[in-house]
Amino acid sequence: MNQLNLFIHGRPIPSTSAETIPVLDKATGETVALATESGRDDITAALESAQSAFEGWRRMPAQERAALLHRAAEAVRAEAGPLAQLLTTEVGKPLAGAMREVQAVATLLDFFAEEGLRIRGEIPQLNLPDERVFIVKEPVGVVVAIVPSNYPLILLSWKLGAALAAGCTLVAKPSEDTPLATLRLAEILAGAGLPPGVFNVVTGYGQTVGKALVEHPIPRKIAFTGGVETGKKISALATQTNKRVTLELGGQCPALVADDADLEVAVPALVKHSFDNAGQYCYRINRMYVQAGIFTEFTERLALATRKLKVGSGRDPVSFMGPLVNERLFHKSMAHIQDALDRGARLLSGGQRLTGPEFDGGFFLLPTILTGTDHSMLVMTEETFGPVVGVMRVESLEEAIVHANNSRYGLAAYVFTQNLANALKAAERIEAGSVWINDIHRSYNEAPFGGFKESGLGREKSHYGLDEYLELKTIYLSL
Ligand code: NAD
């Protein structure tokens with residue numbers, strides 16, 4: 001099996017390092033590729049390429065840059081099928097979800113193409129006879145994007161789309177578990193006309209390659225999505241050279257279900273948002289606080305709907321959920337389940353790994369619901385990042401709000417009550433970057449996404465996400 005290339009200065013190039021990382025098909029456990037553990041020279045080459053491309057890219061007329069981003073979006077759409085296949089192989093997710101992820105990347109590139117045309121400066125009207133002041137926005141410079149394994153392309157595109165629209169160039173490092181679709185994306189975008197050096201990809205482990213990228217003097221900004229503890233390390237390292245950082249970190253997202261919730265809507269929404277992508281996404285529901293009056297009916301409906309979810313290979317069109325990405329995440333889920341059971345919780349559904357010839361190669365875990373949970377348990381306090389959810393009975397919406405805020409995380413929250421005044425008051429009091437009321441829609445490109453408290457720093461998507469890649473400059477002119 002050949003070692004995979006890196007993508008530097010507009011083309012795939014072999015690494016100077018012979019060290020490799022096996023990339024597994026997550027459903028079967030087979031090695032499908034050997035990714036490169038990039039060496040120091042590769043990292044420097046990629047960053048120097050981004051630096052050399054920066055001047056040309058930032059000076060490109062905004063309309064031309066927008067046209068290129070639209071062409072990039074079209075090229076992604078044209079390759080959606082093969083890209084989705086790569087995602088299904090390397091992440092394990094069902095093909096339909098992988099297709100949605102690729103389409104979302106194209107939509108996002110289109111969005112940022114247009115948003116880049118709306119970057120505006122300012123002239124304060126100071127009425128000074130011989131002086132003028134101009135406030136302009138400039139791209140921050142070379143950006144390093146470090147991305148996790150759960151949504152390799154969409155989480156990269158939140159950074160890439162905004163960075164390119166702002167006039168920045170970028171070096172991406174995908175997760176060591178999922179480098180395939182990212183490397184292919186770089187080829188596709190270069191084929192669409194992106195100039196060499198504007199988007200580069202190096203691969204490897206976080207503690208080595210990721211760390212070296214953060215430490216390097218060339219990048220001016222680190223855009224990171226991943227775990228809270230990794231985010232803190234990256235932030236501390238980036239601070240040493242005052243690099244800008246955006247951190248999209250973990251969540252421990254609560255759902256609050258009041259006695260008057262519409263369960264016809266609430267239950268399917270909560271089930272989907274607990275177990276989609278095998279529970280591997282930051283703003284999934286980890287814990288539910290359910291008011292006493294509907295607790296029994298709610299948990300019965302929740303269990304019934306959850307038991308209907310089909311777990312299997314992402315290539316099987318009936319699968320709702322595939323395997324977990326790696327053994328570490330599987331053990332984390334199992335540890336959270338065991339911890340809850342040891343402290344008195346009960347299993348309402350799931351709790352086991354699937355076994356048998358079609359499952360033994362991957363880490364397939366049944367969607368798991370625990371009841372009788374409280375805040376002494378990891379499932380209610382720490383991010384599981386797997387298909388495990390804790391349900392706790394509460395007497396009032398007020399009690400639910402207090403529990404919801406009793407967390408170091410603050411990424412997203414969900415409120416279900418038909419009393420809109422109560423819903424709005426709860427949404428206003430919950431410490432989270434996004435709150436959904438009475439159903440769970442997708443998170444839109446036009447709206448900012450990010451976390452309160454330890455869940456992150458800065459925002460992605462929308463014009464706020466674009467601002468994260470722009471510096472303000474004040475120009476004083478004496479007439
Ligand atoms: P992780 O933090 O282990 O790894 C994420 C990325 O960081 C990988 O590319 C990894 O190689 C790299 N990395 C690891 N250590 C590093 C270091 N010391 N220096 C530089 N880079 C390093 O996370 P994971 O387990 O792959 O992903 C799951 C986490 O991501 C969860 O906590 C999840 O909530 C979070 N996440 C957050 C969002 C969001 O938008 N807030 C979205 C998706 C996932």
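Modeller: Before we start, a helix axis here is a line fitted to the C-alpha atoms over the stretch in contact, and angles run from 0 to 180 degrees between N-to-C directions. Please also keep in mind that this is a predicted model.

Colleague: Understood. At roughly what angle do helix 5 and helix 6 cross?

Modeller: Helix 5 (residues 152-166) and helix 6 (residues 180-191) cross at roughly 50°, and their axes come within 10 Å. The two helices are therefore oblique to each other.

Colleague: And is that crossing left-handed or right-handed?

Modeller: Helix 5 passes helix 6 in a right-handed crossing. On the side of helix 5, the contact is made by Pro152, Leu153, Leu156 and Leu160; helix 6 contributes Ala181, Thr182, Leu185 and Leu189. By class, seven of these residues are nonpolar, one is polar and none is charged.

Colleague: What about helix 7 and helix 8: how do their axes cross?

Modeller: The axes of helix 7 (residues 206-215) and helix 8 (residues 228-239) cross at roughly 30° and come within 9 Å. Helix 7 and helix 8 are therefore roughly parallel, since angles under 35 degrees count as such.

Colleague: Which residues meet there?

Modeller: Lys211, Val214 and Glu215 of helix 7 meet Ile234, Leu237 and Ala238 of helix 8. This contact has four nonpolar and two charged residues, with no polar ones.

Colleague: Let us move to helix 2 and helix 4. Are they roughly parallel or roughly antiparallel?

Modeller: Helix 2 (residues 62-78) and helix 4 (residues 95-116) have axes that come within 8 Å and cross at roughly 170°. This makes helix 2 roughly antiparallel to helix 4. Among the residues of helix 2 in this contact are Leu69, His70 and Arg77, and those of helix 4 include Gln103, Asp110 and Phe112. By class, the contact has eleven nonpolar, three polar and three charged residues.

Colleague: Changing topic, how many aromatic pairs are there?

Modeller: The count comes to nine aromatic pairs. One of them joins phenylalanine 111 and phenylalanine 112, an edge-to-face pair with 5.1 Å between centres and 70° between planes. Both phenylalanine 111 and phenylalanine 112 are buried.

Colleague: Why is the pair of tyrosine 283 and phenylalanine 449 edge-to-face?

Modeller: Its ring planes lie at 70°, with the centres 5.1 Å apart, so the pair is edge-to-face. Tyrosine 283 is in the loop between helix 9 and strand 12, and phenylalanine 449 is in the loop between strand 18 and strand 19, so the pair ties together parts that are 166 residues apart in sequence. Tyrosine 283 and phenylalanine 449 are buried.

Colleague: Which residues do ring pairs link into a cluster?

Modeller: Ring pairs link Tyr151, Trp158, Tyr281, Tyr283, Tyr414, Trp436 and Phe449 into a cluster.

Colleague: One last topic, the backbone. What is the phi of serine 462?

Modeller: Serine 462 has a positive phi of about 65°, although it is not a glycine. Most residues other than glycine have a negative phi. Serine 462 lies in helix 15 (residues 462-467) and is buried, with a relative accessible area of 0%. Leaving aside neighbours within four places in sequence, its contacts are Phe111, Phe112, Asn445, Glu446, Ala447 and Pro448.

Colleague: And asparagine 277: is it buried or exposed?

Modeller: Asparagine 277 is buried, with a relative accessible area of 9%. It lies in the loop between helix 9 and strand 12 and has a positive phi of about 50°.

Terms used: Residues numbered from 1 in each chain as written. Predicted model: local features only at pLDDT ≥ 70, side-chain atom pairs only at ≥ 80, totals over all residues. Heavy atoms only, no water. Helix = DSSP H or I, 4+ residues; strand = E, 2+ residues; numbered from the N terminus. Parallel < 35°, antiparallel > 145°, perpendicular 65-115°, else oblique. Contact = heavy atoms within 4.5 Å. Nonpolar A, V, L, I, M, F, W, Y, C, P; charged D, E, K, R; others polar. Left-handed = near helix turned anticlockwise from the far one by under 90°. Phe/Tyr/Trp six-rings, centres within 6.5 Å; stacked < 30°, edge-to-face > 60°. Buried < 20%, exposed > 50% of the residue type's maximum accessible area, 1.4 Å probe, protein only.
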